[in-house]
Structure formats: structure tokens, C-alpha cells
Amino acid sequence: MSLQNIQYRPTVAEIDLNALRHNVKEIQKRVPSGRSIMAIVKANAYGHGASFCVRTLEGCGVRDFGVATLEEGMELRGGGIRGNIFVLGGLLTSSLGEFIQFRLRPVLHQVDEVRRFAAWLKESNRECQAHIKLDTGMGRLGIFPSEIEDLVSLVKNNQLLKVEGFLTHLARADEEDLSPSERQFILFRELRRILAEKGVTVPICHIANSAAIIDNRLDGFEMVRPGIMLYGAYPHERQRTMIDLKPVMKLKSRIISLKRFKSGSPISYGGTFVTGRESLIAVLPIGYADGYPRLISNKGSVLIRGKRAAVAGRVCMDMTMIDVTDVPEAAVGDEAVLIGSQGEGQIRAEELAQWAETISYEIFCGISSRVPRIYLGM
Ligand SMILES: Cc1ncc(COP(=O)(O)O)c(C=O)c1O
């Protein structure tokens with residue numbers, strides 16, 4: 001008997017692959033044909049399971065995928081993914097042979113890195129396609145505009161390094177004020193023009209993340225890089241009505257204990273919640289070790305029998321208490337939805353993120369490996 005397939009604990013993350021298909025179709029509707037979509041599937045597809053998500057996306061015609069690390073790329077290629085896999089985090093290694101062996105495309109982000117990779121290609125007489133990242137204001141990875149001269153001479157003098165694309169990353173596209181993004185767009189266009197003037201032209205330039213795609217900032221570039229929107233979350237509240245995205249992940253559990261407490265009873269560590277009336281308190285087998293943030297203590301709610309019921313007291317490592325006094329029909333074994341829909345009710349990851357003072361990205365990535373992913377719509 002394989003212990004891996006046994007699951008006693010009713011806490012799971014359902015991954016709806018039809019919702020993923022819907023979201024990618026929404027993106028495809030916006031992106032004119034002839035331009036490509038690099039689906040960002042790093043960090044295990046933002047916690048949704050990279051292998052299943054990539055297979056589903058391949059089925060929808062997506063051919064380009066972005067991961068953060070060489071390991072993530074090798075795992076996808078080893079699992080039989082045929083599309084182009086871009087390693088966004090750069091070389092991150094001295095064993096460059098893996099990029100060739102696993103047919104991965106590095107995103108190079110420093111002049112020295114370009115030099116090192118080009119030299120290695122020359123030494124081993126191999127050729128490899130790569131994209132190069134420019135820093136237009138993100139303040140993270142990328143070559144500064146002031147280093148363009150060095151870059152140009154490297155690219156022109158190393159024929160085995162096939163530079164297929166230039167990219168840059170937006171720092172503030174998910175805000176109300178779009179002027180910081182606008183400045184990045186202008187600089188990126190200008191850099192493309194300068195590079196072309198100096199004799200370096202590439203077929204693909206890309207800048208747009210989810211927020212920019214929703215805002216229709218495609219600007220004639222040949223590729224877009226959606227991440228969070230694939231998984232059904234909106235980068236900014238103002239974008240909720242601009243595109244129809246369906247949440248892919250549903251996080252759910254079941255009531256394992258239900259007790260009546262007298263008024264004045266403390267609940268959970270620290271007694272930070274004290275019942276103000278005779279109360280019915282449910283226990284859910286999910287806690288911060290599963291990625292349900294402790295900051296949600298006394299702030300968040302869950303759906304039980306289609307109604308919202310509040311988190312009572314501190315979220316524990318493996319359990320969370322819920323005040324179900326106003327859901328008197330609640331019973332042991334009832335489903336509780338922590339992210340997703342139940343009846344008329346819905347809790348989006350964005351809302352959970354607000355309670356936890358973070359972003360939906362961190363919520364998704366934080367759902368730990370202890371929570372089994374169950375795939376629907378395979
Ligand atoms: C380089 C790069 N491009 C694209 C994305 C996708 O961004 P989003 O999830 O906001 O669409 C990311 C995500 O962090 C990224 O690092």
C-alpha cells in the first residue's frame with residue numbers, strides 16, 4: 001500500500017484546470033495572434049502545481065513558460081514538457097551544460113553573466129538561445145541603460161549566443177497611478193531603438209505582466225508574461241470589472257469538532273477571543289503550517305453552509321477555530337471553504353490577502369506541501 005495516496009485529513013486545495021483554461025483563453029482574446037504568451041509557472045505555478053498547470057496550458061496552445069530556477073526548469077523538462085522554458089532567475093549555477101541538456105533558455109541579467117555564458121558556449125562549441133533582461137526601473141535584476149555599449153559588443157562578437165529577446169519587468173503596474181509604468185514603457189522602447197541603431201535587433205521584446213495585460217498595455221511588443229491572472233486573481237481591485245478571471249484554487253476543509261461555550265470563554269492561544277454570548281465554536285484542521293496565515297486570527301472568515309463565519313481567536317499551527325453561532329445547523333463533517341465559493345458565498349484569495357496584510361501571490365505560494373492538491377477538469 002502506498003502511503004502517499006492515503007489522505008485522512010480533510011484539508012485540500014482543489015485546482016480547477018477548467019478555470020485555468022478559461023483564464024488563458026481570456027488572455028488569448030486580448031493578445032493579438034502572432035504574439036506569444038509566456039505563462040509564468042515559477043514557484044510550482046504559484047502553488048497550483050506546475051506540472052498539471054503546464055500540461056493544461058500546453059493543451060490550450062501555450063508554448064512558452066517562465067520558471068524562476070534551473071531546478072524548476074529541469075523538473076518540467078524531465079516531466080515531458082515540450083515547450084520553451086525560460087529560466088527567469090539567470091544562470092544561478094556554474095554547470096551551464098544543464099541549459100543545453102534540458103533545452104532551457106536562460107534570461108541573462110548582467111553583463112558579466114552574458115560574458116560568462118558566451119565564453120562557455122565558445123569553449124564548448126555549442127549554441128543557445130537566450131533572452132536578456134534590462135532594468136528600466138524595477139531595481140532588481142537587469143542590465144542598466146548605461147551598460148548598453150558593453151552589451152552590444154558582447155552580443156555582436158559572440159555568434160553562438162543567440163539573443164532572441166529583450167525584456168524588462170514592471171515594478172508598479174498593479175497600482176492606481178500608472179505613470180511609473182509609463183516611464184518604464186518609454187525607456188524600454190527607447191532602449192530597443194538604441195540597440196537596433198547599434199545593430200542589435202531581436203525578434204521578441206516583452207514587458208507586460210498580468211496588470212499591464214489587463215490594462216491593455218501590449219504596446220506592440222511580441223510577447224507577454226502573465227502570472228497571477230492565470231490563477232484567477234486580480235493584481236488590483238480596479239481591474240475586477242475589466243476581465244473575467246475565474247479563481248483556480250479552492251482551499252477547503254471540514255469541521256472536526258463542534259462545542260458549545262458559555263459566554264465569557266477564551267478561545268485558542270492567548271485567549272484573544274472571548275465569547276460575548278453562548279457560542280458554538282467549530283474546529284477546522286488547517287493552520288499556519290498549511291499556509292493559512294496567523295495574521296488572519298480574529299480577522300478573517302470562512303464559508304460554512306454558504307454563510308460567512310468568523311475566525312475566532314488565534315490561528316494555530318494545525319487548527320483554526322470558527323464562530324458558527326450564527327450557523328446553528330452546522331455539524332461535524334461540514335465543508336468549510338477558506339478560499340473559493342460555496343453556495344452564494346465567495347472568498348477570493350485577494351480578500352484573504354488583505355486580512356493577512358499581504359498579496360494573493362504570497363497566499364497561493366504559501367499553501368504548504370502538507371495540503372494535497374486535487375485536480376479537477378483533467
Ligand atoms: C520577470 C517576471 N515576469 C512576469 C511575472 C508575472 O507577474 P504577474 O504574476 O504579476 O503577472 C513575474 C512575477 O513575479 C516576473 O518575475
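Author: Two residues are taken to be in contact when they have heavy atoms within 4.5 Å. Among contacts in this predicted model between residues at least 6 apart in sequence, 65% join residues at least 24 apart. The secondary structure of the protein comes to eleven helices and 20 strands, and its C-alpha atoms fill a box of roughly 80 × 55 × 40 Å along the principal axes. Of the 378 residues, 53% count as buried, while the accessible surface comes to about 16700 Å², with 50% of that area belonging to carbon and sulfur atoms.

Turning to the part you asked about, the largest pocket holds about 610 Å³ of space. Its lining is made up of 29 residues, and those that lie nearest the centre of the pocket are Lys42, Tyr46, Arg140, His169 and Tyr361. Two or more lining residues come from each of the elements α2 (42–47), α9 (210–214) and α11 (360–366), and of the elements it is α2 that gives the most, with three residues. Considered by class, the lining of the largest pocket has 18 nonpolar residues, together with five polar and six charged ones. As for the domains, both domain 1 (31–232) and domain 2 (249–376) take part in the lining of this pocket, each giving at least three residues.

Technical notes: Residues numbered from 1 in each chain as written. Predicted model: local features only at pLDDT ≥ 70, side-chain atom pairs only at ≥ 80, totals over all residues. Heavy atoms only, no water. 1 Å grid on protein atoms, 1.4 Å probe; cavity = no way out; pocket = protein on both sides within 12 Å on 5 of 7 lines; lining within 4 Å. Points joined across faces, edges and corners; volume = space filled by probe spheres on them. Helix = DSSP H or I, 4+ residues; strand = E, 2+ residues; numbered from the N terminus. Nonpolar A, V, L, I, M, F, W, Y, C, P; charged D, E, K, R; others polar. Domains from an automatic or database assignment. Buried < 20%, exposed > 50% of the residue type's maximum accessible area, 1.4 Å probe, protein only. Areas by Shrake-Rupley, 256 points an atom, 1.4 Å probe, with all protein chains shown as cover.
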